[in-house]
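Start with the sequence and the structure.

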Amino acid sequence: MSTDITKLSVTETVAAVAAGDISKANLHATWLDRARLDDLNALSWVADRVKLGGEDGPLGGVPLGVKDLFCTEGVPSQSGSKILEGYLPPYTATVVEALTEAGAPLIAKTHQDEFAMGSSNENCAFGPVLNPWDRGRVPGGSSGGSAAAVAAGLVPWALGTDTGGSIRQPAALCGVVGLKPTYGSVSRYGMIAFASSLDQAGPITRTVADAGLLYSQMTGKDPRDATSVEHPDSVEPVVPMDLTGVRLGVPEELTGEGVEPGVREAFEATLDLARSLGATVAPCPLPHAPHALSAYYLIAPAECSSNLARLDGVRFGLRVDPDEGLDGMYGATRAAGFGREVRRRIMLGTYALSSGYYDAYYGRAQRVRTLISQDFDTAFEDFDAIVTPTSPSVAFELGSKTADPLSMYLSDFCTVPMSLAGIPAISIPNGLSDGLPVGFQIAGPAFSENRILGIAAALEDGLKFDGSPAWIA
Amino acid sequence: MIDRSEVLHIAKLARLSISDEEVDVLAAELSGILDHVEMISKLDLAGVEPSAHSVAQTGWLRPDVPHESLSREKALDQAPATNGEGFEVPPPGSGS
């Protein structure tokens with residue numbers, strides 16, 4: 001039959017495989033051909049052939065793109081960094097293993113900002129990823145390779161990670177769906193760490209149903225990650241929710257100043273759509289949200305400065321030895337192996353944790369984090385979900401923000417509060433502004449993935465986004 | 001504001017060699033970022049407990065049973081220098 005496999009959603013593909021309409025051999029050959037078309041620098045590695053895992057798993061054998069920072073045994077796992085160039089881990093991350101077993105085998109690894117620090121993918125040691133909607137623009141970050149690859153149809157779906165927006169923001173800028181799950185619901189074992197209290201793996205897909213399908217096989221408590229927790233609900237196949245009476249909160253703090261006019265217009269139009277589907281939309285205060293970015297840019301660098309101490313030229317990765325003793329080797333290796341942004345954040349984090357400053361910076365930031373969580377708790381007494389634009393802007397031009405770290409950090413201001421509170425949030429394509437994708441973010445209380453996926457699917461149905469202009473022909 | 005001597009002190013704590021030009025650049029960049037994050041120093045945080053994690057968990061213990069871990073061969077496989085039994089490193093001392 002003449003079905004173009006690549007134009008099906010994964011959910012449709014899984015059904016076609018189950019019905020015997022598509023063979024797994026054909027599925028894998030087709031997607032390997034697509035992956036080899038990459039001219040966006042989205043993929044860091046492509047399999048010679050797709051190795052089957054769980055033959056009859058619920059994911060139908062549909063192959064998966066995986067962000068570089070997930071350890072994959074015998075496959076380069078570099079976290080976008082020169083210090084790990086060519087690193088071949090001796091084991092595979094729990095979530096990648098689980099997805100292989102469930103029938104989503106590895107087909108490619110995807111480029112990212114170095115150690116997931118960045119909002120544009122320009123901090124990748126192996127060159128920037130290009131946005132398939134406009135190759136002069138960034139795909140967002142840090143999971144920019146995954147988002148660009150899914151948008152361009154190089155892989156059917158992909159894994160990303162989100163620390164302060166690194167799944168949602170690139171999904172928004174590339175016109176795809178990105179879900180950051182509840183912190184702890186997915187094992188972090190085998191994810192090369194950035195900020196351990198915030199890092200969380202999640203799906204990047206073309207449809208909301210596909211995101212729910214992938215996430216349903218990712219959850220679970222892992223004995224190898226003490227912060228992992230069992231999801232209290234099973235993640236159900238996504239059906240669009242009836243929005244009648246659903247209460248959506250709009251925080252002025254995250255939707256006012258700083259949001260581009262085109263992004264605001266698209267956001268307002270989708271609020272109107274939600275109203276027309278029966279939802280109520282009302283202002284919802286998050287009074288401490290404006291402080292989230294400050295708290296985040298103390299907590300995340302502090303944790304990164306500690307996590308990245310393991311990259312010291314001893315057990316794996318690069319070693320540069322100027323013959324000046326052990327400390328000389330450490331310093332030279334880390335100076336040569338880490339890029340500018342990573343060095344900057346290690347310095348910032350080391351300072352925030354250093355004697356005499358700990359209470360003023362890290363301690364205060366952790367208290368602000370408590371206030372932000374409390375704001376959300378209060379909001380969810382009156383609202384079923386909180387909605388904002390995902391990113392205050394559309395994809396920006398390559399090089400336009402690299403000179404000013406602070407302006408780059410500001411592109412995370414809509415996504416960071418949810419990260420600090422550990423709550424789930426999804427970005428869905430919300431139309432175009434001047435030909436570039438806009439994202440719409442829906443956040444819910446901890447473990448409310450079924451709810452936010454259902455709301456997202458209802459809006460997705462109404463929005464009828466067309467992602468085909470990003471497709472590599 | 002962060003000055004040159006503080007940058008050099010932090011770099012030493014972080015085990016990062018930095019060039020002389022980089023000291024001034026980092027002093028300016030870190031000062032700029034800290035100026036921004038100083039916003040939170042204006043908040044009244046009296047009585048607010050710190051959150052280390054968003055999902056509170058304590059005392060998570062697993063049964064203490066032996067299990068297989070990485071073999072010596074696998075553990076040493078990616079090391080820049082080994083003597084076949086362990087990692088090799090330059091002699092301590094004489095560092096900055």
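A residue counts as buried under 20% relative accessible area, as exposed over 50%, and as partly exposed in between. By that rule Arg247(A), at 31% relative accessibility, is partly exposed. The model shown here is predicted.

**A bridge within chain A**

Arg247(A) has a charged partner. It forms a salt bridge with Asp384(A), and the closest N and O atoms are 3.0 Å apart. Arg247(A) belongs to strand 7 (residues 247-250) of chain A, while Asp384(A) sits in the loop between helix 12 and strand 9 (385-389), so the pair ties together parts that are 137 residues apart in sequence. Is Asp384(A) buried or exposed? Asp384(A) is buried, because its relative accessible area is 18%, and the cut-off is under 20%.

**Where the chains meet**

Chain A brings 65 residues to the contact and chain B brings 53 residues. Together the two chains bury about 5,300 Å², with 66% of it on carbon and sulfur atoms. Polar links cross the interface too. There are 25 residue pairs in polar contact, both residues being at pLDDT 80 or more.

Which parts of chain A touch chain B? The elements that give two or more residues are helix 9 (292-307), helix 10 (325-337), helix 11 (340-353), helix 12 (359-382), helix 13 (405-409) and helix 14 (416-421) of chain A. Helix 10 of chain A gives the most, with 10 residues. On this side of chain A, 32 residues are nonpolar, 18 are polar and 15 are charged.

**Salt bridges**

Side chains of opposite charge can pair when their charged atoms come close. Over all chains, the structure holds 21 salt bridges. Five salt bridges are found across the interface of chain A and chain B. The table lists some pairs.

| Pair | Closest N to O distance |
|---|---|
| Arg340(A) and Glu29(B) | 2.8 Å |
| Arg247(A) and Asp384(A) | 3.0 Å |
| Arg4(B) and Asp20(B) | 2.8 Å |

Asp327(A) is partly exposed, at 28% relative accessibility. Arg15(B) is partly exposed as well, with a relative accessible area of 37%.

Chain B has a bridge of its own, between Arg4(B) and Asp20(B). Arg4(B) lies in helix 1 and Asp20(B) in helix 2 of chain B, so the pair links distant parts of the chain, 16 residues apart. How covered are the two partners? Arg4(B) is partly exposed, with a relative accessible area of 32%. Asp20(B) counts as exposed, at 52% relative accessibility. Some bridges share partners: Arg340(A), Glu341(A), Arg344(A), Arg345(A) and Glu29(B) are joined by them into one network.

**A covered helix**

Helix 6 (residues 208-216) of chain A is mostly covered. Seven of its nine residues are buried. These are Val208(A), Asp210(A), Ala211(A), Gly212(A), Leu213(A), Leu214(A) and Tyr215(A).

Definitions and conventions: Residues are numbered from 1 along each chain as its sequence is written. Chains are lettered from A and ligands numbered from 1 in the order in which they are written. This is a predicted model: local features need pLDDT of at least 70, side-chain atom pairs count only at pLDDT 80 or more; totals for chains, interfaces and linings use all residues. Side-chain values use heavy atoms; hydrogens and water are left out. Contact means heavy atoms within 4.5 Å. Buried area is the accessible area (1.4 Å probe) that two parts lose on being put together, summed over both. A salt bridge is a side-chain nitrogen of Lys or Arg within 4 Å of a carboxyl oxygen of Asp or Glu. A polar contact is a pair of N or O atoms within 3.5 Å; within protein, one must be able to donate a hydrogen and the other to accept it, and residues adjacent in sequence count only if both atoms are side-chain atoms. Helices (H or I, at least four residues) and strands (E, at least two) are DSSP runs, numbered from the N terminus. Ala, Val, Leu, Ile, Met, Phe, Trp, Tyr, Cys and Pro count as nonpolar, Asp, Glu, Lys and Arg as charged, and the others, Gly among them, as polar. Buried means under 20% relative accessible area, exposed over 50%, partly exposed in between (1.4 Å probe, protein chains only).
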